[in-house]
Every structure is written in C-alpha cells, then in structure tokens.
Amino acid sequence: MTIALKEITSLKDLRAFIRFPLSLYRNHPCYVPALFVDDYETLRRDKNPAFEDCQARYWMAYRDNVPVGRIAAILNRKHIEKWNQPYMRFSWFDFIDDPAVPEALLETVENWAREEGMEAVHGPLGFTDLDREGMLVEGFNELATLSTFYNYPYYPQHMARLGYVKDIDWMEYEISMPAEPPETIAKAAGIVAKRYGLKLLEVKKKKELLAYAPELFEILNEEYQHLYGTVPLSKKQVDLYIRQYFGFITPDFVPIVVDGNGKMIAFGITLPSLSRALQKGRGELLPFGFLHLLKALRKNDRADLYLVAIRKEYQGRGVNALLMMKMFEVFRKMGIQKIETNPELETNQAVQTQWKYFDKRQHKRRRIFIKRI
C-alpha cells in the first residue's frame, strides 16, 4: 500500500502528531508518554522561544488514511554555528514496523536538509539538550522515564538499513539504594565542606527554590557547553523550562551547594519516578492525570536523576559527594529502593566513575544516528 505524507500545519494536526505514540504503544509496559502539554508547548512556533534560532517541520505518515508514523525535522542555527556542523536534526520519530514508513519519513527530512544546504541528518535530537534525545538500542524490556524516549527494537534495525550509523551513545544505569552511604563518599563530603567552606543550602519552599533557578541554569549553560550537541539556552528558553518543570520539583529533591558568600557552586535535580503515573494518565494532566503525578511525588520506591552540574573550579574536588549525601538522606526518608541515572554520554568518564561505589547495572543504551547526504 502507498504511504502518504502530510505536513503538520494546524494545531489540530499537531495534537494528533503528539498523540500518535499512544496508539502505537498502547498498553506497552515499558513505554512512558511525555506530558502532552510539554510537547504541545515545545513544538508550537508561537510558544517555544527556540524558534528564534530554529526552523522546524513535522510530518505524519498515513496508509489508507490511518496514521502509521511521524517525524520532526529541526534546523538549529545555534548548533550549526557553535559546532560548525551543517546538520539537520530529526526527532519525535515513531513508526510501525514497515520498511516503507521510516524510509518515506526520513527521505522527506533528507530532501529538506539538502534544500537547506545541509551535509548530514542526525538524531533523535530536539531543539535543546534538555529535550528528549537518543534512540534506544539496548534495554527494550526496561521502563522508560519522563526524560527519555522509548522505542521498539525494530527502530534501530531500520536505521541501519537506511544507511544511518552510530555517532555517539548514552549509557543509563540503575543504582540500588544502599542502606548507608558508602564510607568513601561520606568521608569525602565532610572533608570538602570543611576545606572549601561549602554547605548545603536549606530550601523548604518552592518559591525559595525558584529564586535560585536562574543561577542554576547559568551553571548548566557553562558546564554543559562542551557536551555533544549542546547549544546555549537563551533567557526566554530558561524561563520556559522553569515554567515547565519547576512546578513538579520538590525542594528536598534539589540539593544546592553554596560557598561562604552564598554563591551557588553545584546543584542536582532529582525527582521521584513519574513513569507509572504518566502511564496511568496517558501523558495528560486532566481529568485525573495530575492526581497520579501528585501521588507519585508523595509515595514512591524509585527516583530519577536528571541534572547535576558543578562549577569548573570545583570539579574533581569531591563536591559531588555533598550532593550525594543530601540525595541519600531524602531518598531514605521516602523509601526509595532504585535510582535511574538517565542518559550519560559514553565519553563522560567523570560521571560514570562515581557509580563505582554502588551496586549498579548498565541496563539501557541510546544512540544518535547520522547519515551523510
């Protein structure tokens, strides 16, 4: 049967584009939908400030008027300028197990990339490094998280068939929560606090945490700038992420280290796992999705690590031990048993080395694919 592609040009079609995976992965135990409202705001040109530096086009694939696939293509000028890479990004890529569907979708993206003078297509990558990225290539029987895509095992098989190869991988680990913090970490936390006059900030209310959000993103912009595919976040983008995510964040789950003058030195962002709650609500907040999320935030045995950043002048000095000690304190109180690290670049040895003190398993791997055109 012929595959027909339709470019998304209306808000009605955009809603269908976002919801397509709900039917593709219906009742799948490992698939976790994104929050619809977040994707809707991210993909709208009039809502996402990333469009000040990006162009994007979206397509749905149909067979006999039935949706069978989707893809987004993103031309990110900041990425091109920063990395000197004239590449087109693709993301929000889902399809049934039919060779004609991914072929038609990717061919359309490649054609647009050529029209724009691009030399390659790579992804899955979003508008920024804080969007979900990477295609799952290991761990298909593992539960996804709020910050990651899930996909069927046939996805990477079709990528290889269509000439796409590995550019870089992210690793993911599941950490078993120890009964007590490893002695090495506890000792290091005490030493570094005393030596450099550092302390953990005591924040009890979300309003207090919001006051530190701009400085948090300042550190994030600075310390993540060398990582694969990152682009600097504008103030408008920072404001958007604060609105999207800080409403869910509980201050106890965001340890912040400051120096003697109150300057932020390091931070971590963690959350109780929202995976099961998002499954129950099918990615919607209404009518009852928000109740599942609130319950998950109050009672949970799993937690997710999202972001950790330390100012360059304090890296390699044990500051991460202070963050870990605070996380363990909060996790123990809540009864957390398992911790998801979420994606870490395979080249980021500094991050992966810190897990050597824990009972861990590397249970997922996700990949950025690239094709020269």
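## Cavities in the model

A cavity here is a set of grid points where a 1.4 Å probe fits but cannot get out. With that in mind, let's look at this predicted model. Searching the whole structure turns up 5 cavities of 30 Å³ or more.

## The largest cavity

The largest cavity holds about 160 Å³ of space. Its lining is made of 18 residues, and those nearest the centre are Ile18, Pro21, Tyr31, Pro33 and Ala34. Two helices, α1 (11-24) and α2 (36-43), each supply at least two lining residues, and α1 gives the most, with 4 residues.

Strand β4 (residues 87-95) provides the largest share of the lining, 3 residues. By class, the lining splits into 7 nonpolar, 2 polar and 1 charged.

## Where α6 meets α11

Now to a pair of helices. The axes of α6 (residues 183-196) and α11 (residues 319-334) come within 8 Å and cross at roughly 120 degrees, and the two helices are therefore oblique to each other. The crossing of α6 past α11 is left-handed.

On the α6 side, the contact is made by Ile185, Ala186, Ala188, Ala189, Val192 and Ala193; α11 contributes Val319, Ala321, Leu322, Met324 and Met325. The contact has 11 nonpolar residues, with no polar and no charged ones.

Definitions and conventions:
Residues are numbered from 1 along each chain as its sequence is written. This is a predicted model: local features need pLDDT of at least 70, side-chain atom pairs count only at pLDDT 80 or more; totals for chains, interfaces and linings use all residues. Side-chain values use heavy atoms; hydrogens and water are left out. Axes are lines fitted to C-alpha atoms, for helices over the stretch in contact, and angles run from 0 to 180 degrees between N-to-C directions. Angles under 35 degrees count as roughly parallel, over 145 as roughly antiparallel, 65 to 115 as roughly perpendicular and the rest as oblique. A crossing is left-handed if the near helix is turned anticlockwise from the far one by less than a right angle, and right-handed if clockwise. Contact means heavy atoms within 4.5 Å. Ala, Val, Leu, Ile, Met, Phe, Trp, Tyr, Cys and Pro count as nonpolar, Asp, Glu, Lys and Arg as charged, and the others, Gly among them, as polar. On a 1 Å grid over the protein atoms alone, a cavity is a set of points where a 1.4 Å probe fits but cannot get out, and a pocket is an open set with protein on both sides within 12 Å along at least five of seven lines; lining residues have an atom within 4 Å of a point. Grid points are joined across faces, edges and corners, and a volume is the space filled by probe spheres set on the points.
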